[in-house]
Amino acid sequence: MITQRPKGTQDWYGLDMYRRTIIEEIARKLCKTYNIKEIITPAFEHTVLFQRGVGETTDVVQKEMYTFQDKGDRSITLKPEGTAGAVRAFLENSLYNMSQPTKLFYITQAFRYENPQSGRFRQHHQFGVEFLGSASPLAEIEIITLLTEFMEELGLKGVKLYINSIGCKNCRKTYNEALLSFLKEHENELCGTCRERMQKNPLRVLDCKVPTCHEIMKSAPRTIDYLDDECREHFDDLQSLLSKMDIPFKVDTGIVRGLDYYTKTVFEFINSEGLTLCGGGRYDNLVNEIDEKQDIPAVGFGFGIERIIKELDAEGVQLVDEPAVDLYVGILGKESKAEAYKLVKRLRQAGLIVETDYMDRSVKAQMKYANKIGAKNTVIIGADELSAGRANIKNMDTGNQIEVELNKVAECLLKAN
Ligand code: HAM
């Protein structure tokens, strides 16, 4: 037990850790060119933020939150997603007082007590963007464009964009009536949770995972048939902009998203096996729900980092190899240690990846080790090399050796790289 991690969690190391770092680097670099600033919010928040923000009748709030009383008897929840915390921070720090819009990104862990399976964890990581202050469909275009570029940079080709509109509060009234009367006709066939939810929040019945409910909901009324003029125009404008931007997409009227804050646009990026890698949409009422003094439209997405790695594997995309050690500096003799280590330090400062001996191994054993870790080159530093100020660099692939002045080793290797 003590050497076993909790169910649904992962240890990050080796190639996956390196790939995660690269994914995060690509995300950060891209956000920089979009002028989207990084935000880090706490790993936990007051439970009420998620109850209010994500929604009382959602699976996330009802079944999946890691909630506990802290020692001060406050109800605290580990964040199950990034949006509510980012919006809380936007409000608490009065970011709305700065020139608008506000564009924020985060790379965060998220906690959901779900049944772990392939691509589903109890602690996962998301790259997310929240774009606050704009009601224009161009805000959607901004984040969707960023997402398509992100996937291009990752080399992913099998992930497709699906969009839908679930309308605003106004459309929801007429839609909910239609949906409720449909649900009443099928009440006896629905699961207990759906029967309970249909009265409080009928839309949530649409994302029930129970197969019989799922089947029934295929013939449920569609949100896009109940859009008011403004929401219809917004959805039409978005589609027209996407087409003009040559961004391929499909309308999928079944997408409603599992969190309560969405209004108008909802979208998902889904792979060929039906796994959602990224979900997002517009949430024009969330700011107001958290702080009734403010009324600010917003749109955003969350992209699962574990799912990106899974997709890279599925598509056979070699994102990166772990970087190889450029040079192994072997040490011959105790008296050479300090000078050899000074050389190691200088070479690292020049940007090379350098390893050396910390185990007092024999030179033969050091070379065996250098070979094992895949060092591209080796050099042995002993009294002779130090007094001559020169040493032989051996290329481990070809076996070729060249003699180089000790203060030119970096130059020589950087040229060869
Ligand atoms: P979400 O769809 O719940 O949306 O999660 C976003 C993404 O996080 C998913 O598409 C998936 O890739 C990943 N994800 C979610 N749950 C898990 C899990 N248990 N294991 C592994 N990956 C998971 C949100 O969280 C919204 N906050 C997105 C958003 C931002 N909407 C507007 N702004």
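Modeller: **A helix and its neighbours**

In helix α13, which spans residues 363-372, the buried residues include Gln366, Met367 and Ala370. Buried here means under 20% relative accessible area and exposed means over 50%, with partly exposed in between (1.4 Å probe, protein chains only). Helices are DSSP runs of H or I with at least four residues, strands are runs of E with at least two, and both are numbered from the N terminus. Looking down the axis of α13, you find its buried residues within an arc of 100 degrees, so they line one face of the helix; the arc is taken from the directions from the helix axis to the C-beta atoms. An α-helix has 3.6 residues a turn, so residues three or four places apart point the same way.

This is a predicted model, in which local features need pLDDT of at least 70 and side-chain atom pairs count only at pLDDT 80 or more, while totals for chains, interfaces and linings use all residues. Residues are numbered from 1 along each chain as its sequence is written, and side-chain values use heavy atoms, leaving out hydrogens and water.

On the other side of α13, Lys364, Lys368, Asn371 and Lys372 are exposed. The buried residues of α13 pack against β12 (327-331) and β14 (377-381), where contact means heavy atoms within 4.5 Å. After α13 comes Gly374, with a positive phi near 75 degrees.

The Asn377 side chain reaches the backbone oxygen of Asp326 at 3.0 Å.

Terms used. Polar contact = N/O pair within 3.5 Å; in protein donor to acceptor, adjacent residues only side chain to side chain.
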